[in-house]
Each structure stands twice: as structure tokens, then as C-alpha cells.
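Dear colleague,

Here is the structure I said I would pass on. My notes on it follow below.

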Amino acid sequence: MIRYFLILCLGIFLISCSDDNSAGSSIHYVEGNENVESRTLALQGKFSLNNKLIPVKIDIDVVDENLDSIATIKASLKKERNGTITFSSDYDDFASSIVRIKYTCAYNDSSSKLKMDFVEYINIDKNPRPTLNLPMALASERIKELVQEDGFYLARAKEKVLREIFELLDYNNKQIIDFEQDSSSKHLAKLNQHVNMISTVEKSDSAFYKNYKSLRSAVGSEKTWQDILSETEIADMAFAHDPDIIYADYWTKAFGLGSCDSTHFQDTTIISNKESVYNKKKFLCDYKNKTYYWRTFNDVEAVNGLCTYDRKDTVIQDSLVWTCDSAKTKWNVMSGEQALPYQNISCDKILEGTYINYNSKNFACVYENNKFIWKNSVSENYKWRNSLDVYLKNKVGLCDEDNSLGRSTIMDNKYYQCRDGIWTEVDKISYYLGYCNKSRTNNKAMHDSVGYFICNDKWTEIPIPQYYGDICTKGFVHYAKKYGDTYYICKDQPNYYWSVALKEELSIPIQNDYFCEEENNGEVFELDGVGYKCVYPIWQYAQDFEVKVSKAMERNKYSKDMCKNGPANSSIFWDKIDSTFYGCVDSYTEANYGWGKVIWNNYNNPLTKFKSPEDFAGGTYDSLKNYKVNGWTLTFSYGSSSLSGSIEYITLYLKKAISPKGDEYDVLEGNNVTVIRAAAENKTVSLDSITNKSDSFDKYFTDWKNKIIESTQCPTPTLPELKCVSNWDESDIEINFTNYNQNSYATWNQTKSFCPEGTHIPSAEELSISNYAASFKNERFTAVQQKMNNGKKGSFSANYALVWTSTEKDSKTQYCLEYVKSNSNQVVASGIVECPKDLYPMVQVVCINDGRKP
């Protein structure tokens, strides 16, 4: 009696993964500490700073309740389309609700490039989109002191420190407001203005930062700003930038000025304050726009006195004639036509054509209306049409139709061109580049004397990269160019534009004059131990494997064109230094050439028996699949690992092999197992078409069919996983062999000589534990189909397979593994059965590598 042991599938383990990068945040407890909450979010925020202060760097640390750092979060700055600068962090886990944000600023108009650091502590649960500002940055050192030394909670420390800041700043509007929130923007603007003024933000960056740090250190000291800063310095800046509005009290007190009102209108005084830039300057109580205010005397007033309602006077100062407009109490410059005669500068027949410059205008002595006069312009029919003609006629010559084209000259640092018969003063740019008119719209021009320009209604200066047509648009932000000794960088806010680059804006390769262009796209190199890769148009950090591959290419002088058309006609190479195979793995570029690391851990498998990696290297791909080496033709499947869009390596898995003798094998590799069988073909044959059946076949096949019918007969089938059949008496079984070739099935004697050295036919024990034969993608089956007596297909169908084991029952019988698969390709039963040793066709052979532990 045939033994048939059923091994039922006990379960299927399903593993699902989820990668949720949705916006917002989620809170969960940190593993191992149920009291520590973690939240996942991308922190975002902005700045409320004076226009002079430009954020250039930001660092974010997650801190604990004691404000000690526990993690660093990667963050970056971004310039928005409206010109404002914002910041955002990566989407990350925050193990605490408190973060320390340190941002570094530089002055936008300073050549010193002084870097100024500011720090704020933020509770991101209460404020996930903070507005960073100078008043709250003043609090950072004092908050840290209160929390770490006096045991304050952060919220209470902030409230206390804000009160102390109000006292320090002598600020009237003392409200306890969270100045990190947008809702308090109006109050923040006022407080910001106050801090900016007393820290002298309008002065140099060094002066401002010195004052700001002094204020920051004094928070909590019970001092006011007057105790630690120079009132005169602040008064000077307040008067220079805001002389009559908010901070008049500052400089009025510092300068020792009295009241300025209707009673004291036109009172004058000279201040005496040696620390002030206005020391010994004369001040006047004046009236304008319905407001009385103090102002300094101008140069004319300082020498000649005030122009008052009762004064009618004319004076000469600095070669100009001034008249007192008593109605407006203002000194005015007299026109040249009046001022030149007033100064007794003659104009007569002898002096006709003489040129004089007055108040930056050209005046000529001309004869008009029966008299000689000084004029800035003359009638069209005069022999010289304007004063320039008179002036330049004597210096250069007439401007007329004979010499008007392209004639130009520079006189007294002014620029003139002869156009349409008239000498015309032009600006320096038009002198060198010509006129900008509609016909030249969008034309570019340059001259060493003026620079690079584009014509758009008028000449507009442009950066050199724009002149040469270098691209700056979407996808090219941070693209860098160098002209002369100047670096330029493409920026994206408010629109895409070229800007002179700060050193810290340039990547390290650019700072060393390694540029990322289309022609070196993909180039990888190492600088000071750091790898960089050109991903046109910008440099990115290279992965370690990319640097390694680049060095191997250079070391072995691999052919640049080997991978130009993919793997076809290429090879695989062995690098002794890295102990690694290299070959074509990636898309070809002019820089990386498509080279990468190739892994085949099983090159010394028992089938091919390559003794060393050099034996496998040096072959040739004759197509995209087949690799020929040492007489073998090998067909691989492969998996790849990618980082940052580049293939880190490919791993080869041998699928098929044709020996030097022409024997074909299917191969399965994985988990230290090599499985070999005769190669399958993509065809299906019927049992009836096979003529050389063995002597034992008919009896075995009859018993086997009966067993199938018994195991599936309703109502009590022994294979409940398959649909039971109630009408076997009206049908028979039709058999087809799938993926068949002449070597697919073998007798036991043929099987014994099939496996190559180093492999063996698995025992019944091995096959009962690991179903090797079912691992091939193109699995071979004895396909069973119910066939009704009327010729139609019945409802039952399943796939059966028999595989030889090395376990013998007796001299005529060998044990085989039989397994059954449903139409959904699920193994529903398997077990060890008895097979006649001469059975053909029914049983197939597989070989597994020696030393394998099942």
C-alpha cells in the first residue's frame, strides 16, 4: 500500500509596512520610557528682524526640561518670493517639546561679514510656527540661568525674563505677550523698533552687536539700558534716522535742547556734547507739516544766517548766488541767467561762445534779441543751438551733418555725443554703449569702463552670468559660476536671479574652483576626505560607494565607453584592492560612465566551479542577459541597491547555465543554497504524445489517478483544500506536462548521474522540510484537468509534481516527494510517496549543494 503523508500549510505570515509622511505631527511615547513623549513634524517659522539683519544659518537642537541638548534636527533657510526669509526643519522625531534655535545673521550692506548669533527657546507644542525676533533672543542667556540654576520651568522663566526685559529697556507697554506668535505682531513691531533703536542697528554691524550683547548680558541685573549704553550714541542715530517723530526725547535730552513749540519758534542754540557727532552744531526750532521740531542749520544758514520773513537779501557762497525767499523763509539758488550778471561775469561780442558752468549746468554767452546774454538753451535757428555747442565748438569743433555720426568726447568728466547736428550731454553708460531704444530691446552690451547691461527701456546693469546667458531658473538654484575673481550664485526669491555669492553660500567644490556643469554631470571626486558628486547643476555629497567606484575606475583605467550602450558587449572586472567586481550597473554619463559595484557571492558554486574571482571576470555580455566566460554561458537575474538616485551595487543571481559541453541547467541561488535542475522549456506537452513510457508507468499511473479521484471525491474528500468533485463517474483525467523538455523527467538510474560534483539529490528528510523544487519561477507540473465524457472540461483542476529523493525503499522502489498546488499556486498538500525506479515520465530531478543543513 502506498504511503501518503499529508503536510498541511499551517499559516501564512503577512507583514505590512507603512511610511506615513503626512503633514502635521503625531505624538507617541519613546520606547523604554513611557514618560517621554516624541512628536513627528517638520518645524517651520519665520523672522521679525530689521532689514539690515539677514539670517545666513540656522541650527535646531531638541533639548530636555533642563535645556540640555538631546538631539540635533537638520534645518535650512529659504528666501520666499516676496523676499522674506523663512526656515524649516526636516520631517523628524522630536523627543521633547522644547527646542533651542540658534540663528546667525550678517548685515546686508557690510563688508566686514561679521557673524552675529542669536538663540531662542521654543515650546513647539504651543508654537509649532514661531516668529524669531531680537527681543526674545535677548532672553536666552537669562532663561537658561533660571532653568538650570534656579529650577524654573521654561514657561515661568519666559514670563519672568520678559518683565525683566521691559525694565531693562525702560519700555512703557509692559504686556506679558508671547512674542514668538503671529498674533502679537503689532506689539512685536513696536518692541522690535525699540530694541533696534537703543542697540543702534542703523550703525555698523560691530557697534550694533556690541550693544546688543551688552543688553543681553544685563537682563535680570535690575539695570536699565541707560546704565550700560551710551545715550549720546543712541541719540545721534535717532536724530539721523528719525529726527521729528518717535525718539525726539532721546536726542533732545542728550543734546541739551529745550522745548520747541510756538513760543520758541525760530529759537536757535548750539549744543555742547563732546561725545556727539553734532557737537558745536547750531540747531533751529522750525515748523513743518503742522509740527514744531529741532533741526540743524544748513551750510548757507550757518554762514549767512537765517532767511526770515523780514529779510530780503542776496549772498554768494561756494560760487553760487543765494536769495532769501522771505515768504517761505528759505534760501534759494539764483538761476544762472541772473546769477552770472549778478557776479559781474561779462557777456559781449568778444566773449560770444564763451562757456561757463554754473550749478552743474552749461551756460553760453550768445547774442539774442539785440543783446548778449547768458543762456542754458537757445532758439533752433541760432548758429549754435545750445550752450553745449558753444562750449564744445571751442574745445572740439562744431557738431553738424558732416561729422555728427559717432562723434563723441569727454570734457571735465562729462560725456558728450554729436547726434542730429547737436552736441548732447549723455550719461556714461550711453556714451560707451550707445542709446537704449526700442530697436535694441533685450539687447545686451558691455564695456570695461561701465560693465554689463541689458536694454529694457533704459540700460539696466546685469550680473555677468546673465550677460553670457548662463541659466538661472527652476532647478538651477545654487548653480554657481565664476568670472574673474568673483563668484555668482543662482537664487530663487523673489524671482530667479544671479547674485554675487558670499563664501558661505558656495559649496566646498566651488570654493576650490571645481564647477558642476553639464559636461561633467555625475563626476565624483574626494576633497579633504569628503566625497562630492556633480548632479548638474549643483554639487551634492557623494555616497561612500560612489567615491569608491570613482577611485577604482581611475586605478584600473576602465574604458570610458564600455558601458555607453549598457551591459551589451561589456565585461565584469575584478579589483584586487577593493576585492570587488566592477561592471556596468547604471545609466551612462560622461562622468560616471555607468560603472558600479557587482556582487556575485556564489561564483565558486558547484556547477561552474570558478576557483577564483579572476576566473569569472573578463567575460563578455553577448546581450543584456547572457554572460560568456570560460566556455560557460550564464544568465543572471539581479537586484540593485540605490542611494540618492544612484545604484550602489547590483547583486547577481544565476538563473540558467549552459556548460562548455552544451548541457543546460536551471539554477536557483539564495540563502546559501544552490538548486540545480535540467533546464525547462516554455512548452506544454500531453501525456499521450510521450511514446517511450516505462514498463511500470501504466500501473503506477492508474493507481495515481485513482488516488486523485479518492482524495477529491465528495462528500468526504481527503484533500479538503481542493474543491471536491461529485461527478467523477461521468469524467476522466487529462494530463499535460508544463515547461517540458526531453530532460525534464528521468528514471532513477538517469537521475543518479545528473548532479554535478559538489551537489547531491536531496534525501526524503531534506525534501520533506524544504520544498526546493517549488522555488523555481518556471515550475514544472503534471497538470491535472477533469475531462467530461462529452469532451468539455470539468470543474476540477490542480498541479501535481513528483521529485526524486536519494532515499531508497528497496531495490525496485525509491521514495519521492509529491506536492499539490491549487490554481491559485498555493501548496495544499505534500508528502513522501513510493515511486518505481524505472518510472518515466512522471518524476523530475533537482540537485542541492553539499553541506546544506535543511
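**Helix H15**

Buried residues in H15 are Phe545, Glu546, Val547, Val549, Ala552 and Met553. Please keep in mind that this is a predicted model. H15 covers residues 544-556, and its end C-alpha atoms lie 18 Å apart. That agrees with expectation, because 13 residues at 1.5 Å a residue should span 18 Å. After H15 comes Lys557, which has a positive phi, near 55°.

**Helices H7 and H8**

Two packed helices are described by the angle between their axes and the distance between the axes. For H7 (residues 231-241) and H8 (residues 248-255), the angle is about 125° and the axes are 8 Å apart. The two helices are therefore oblique to each other, and their crossing is left-handed. On the H7 side, the contact is made by Glu231, Thr232, Ile234, Ala235, Asp236, Ala238 and Phe239. H8 contributes Tyr250, Trp251, Lys253, Ala254 and Phe255. By class, the residues of this contact are 8 nonpolar, 1 polar and 3 charged.

**Asn799**

Is Asn799 buried or exposed? Asn799 counts as buried, because its relative accessibility is 19% and the cut-off for buried is under 20%. The residue belongs to strand S46, which runs over residues 793-808. Leaving aside residues up to four places away in sequence, Asn799 touches Phe781, Thr782 and Ala783, as well as Tyr819, Val820 and Lys821.

Regards

How values were computed: Residues are numbered from 1 along each chain as its sequence is written. This is a predicted model: local features need pLDDT of at least 70, side-chain atom pairs count only at pLDDT 80 or more; totals for chains, interfaces and linings use all residues. Side-chain values use heavy atoms; hydrogens and water are left out. Helices (H or I, at least four residues) and strands (E, at least two) are DSSP runs, numbered from the N terminus. The expected span of a helix is 1.5 Å times one less than its number of residues. Buried means under 20% relative accessible area, exposed over 50%, partly exposed in between (1.4 Å probe, protein chains only). Contact means heavy atoms within 4.5 Å. Axes are lines fitted to C-alpha atoms, for helices over the stretch in contact, and angles run from 0 to 180 degrees between N-to-C directions. Angles under 35 degrees count as roughly parallel, over 145 as roughly antiparallel, 65 to 115 as roughly perpendicular and the rest as oblique. A crossing is left-handed if the near helix is turned anticlockwise from the far one by less than a right angle, and right-handed if clockwise. Ala, Val, Leu, Ile, Met, Phe, Trp, Tyr, Cys and Pro count as nonpolar, Asp, Glu, Lys and Arg as charged, and the others, Gly among them, as polar.
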